[in-house]
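Dear colleague,

Please read them with the structure open.

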Amino acid sequence: AMYRDGKTSAAISELELLQKSRPEDVDANAWLGFLYLRTDRPTAAVPMLEAAYAKRPNDIEIMNNLGSSQMLTANYDRALAVFTRLVDLRPTSFEGWYNIGTIHLRSKAFPLAKAALSKSLEIKADDAFALNNLGSACEGLGGFSAAATHYVRASYSRPTNESFATNAGFAYVRLKKSAEAIPFLERSVTLGNNSTEIIIALANAYVSTAQ
């Protein structure tokens, strides 16, 4: 009730007292781990959520919070194992597939990343972050046209995201489609990207379309 009323610090204090007196209590560990995660304390969250998971291994919410905490503490193997079990139990979990794909993308396992991210988009078709990551996976596999398609969709979904615009612009540059690249390169600059690389790419695109 304290947490839902916005009194997060007070809620954590009460739960810490409860967890100290009842260290095996699943709900105390699960809630405390969740609140540590929400307050940017993933290292503190992990042992609480691992304890809760050991007692309640089929709880989807605990698994999701545990996997997220393990990702934030760079324990990617453990996070992958947790999220893999999560999607085994709930194949329609967008978060599970998205995080599996993101972990594989980080390790440059591009085929696995593409498969998992594609599954996440079957569940939530317009998620900009999943679209952008799928673009990165396709790019890693040499599928530059498909990468451009996904980056563009991500940028249209989140037009104020500079990274998505940059990725879409450079995807078209790689495809030698200067006219298509210009709006996204311009959007990237407007959103604050003034790197030498983006300025040169935009200038070259202008020159190319003027010929």
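In which helix is the place of Ala 203? Ala 203 lies in helix α12, residues 196-210, where helices are DSSP runs of H or I with at least four residues, numbered from the N terminus. With a relative accessibility of 35%, Ala 203 counts as partly exposed, that is, between buried (under 20% relative accessible area) and exposed (over 50%), using a 1.4 Å probe and protein chains only. Ile 182 is 21 residues from Ala 203 in sequence, and their C-alpha atoms are 9.2 Å apart in space.

Please note that this is a predicted model, in which local features need pLDDT of at least 70 and side-chain atom pairs count only at pLDDT 80 or more, while totals for chains, interfaces and linings use all residues. Residues are numbered from 1 along each chain as its sequence is written, and side-chain values use heavy atoms, leaving out hydrogens and water.

Turning to helix α1 (residues 8-21), its buried residues are Ala 11, Ile 12, Leu 15 and Gln 19. Seen down the axis of α1, these buried residues fall within an arc of 95 degrees (taken from the directions from the helix axis to the C-beta atoms), so they line one face of the helix. They pack against α2 (26-38) and α3, with contact meaning heavy atoms within 4.5 Å, whereas Ser 9, Leu 17, Lys 20 and Ser 21 are exposed on the other side of α1.

With kind regards

Note on methods: Helices (H or I, at least four residues) and strands (E, at least two) are DSSP runs, numbered from the N terminus.
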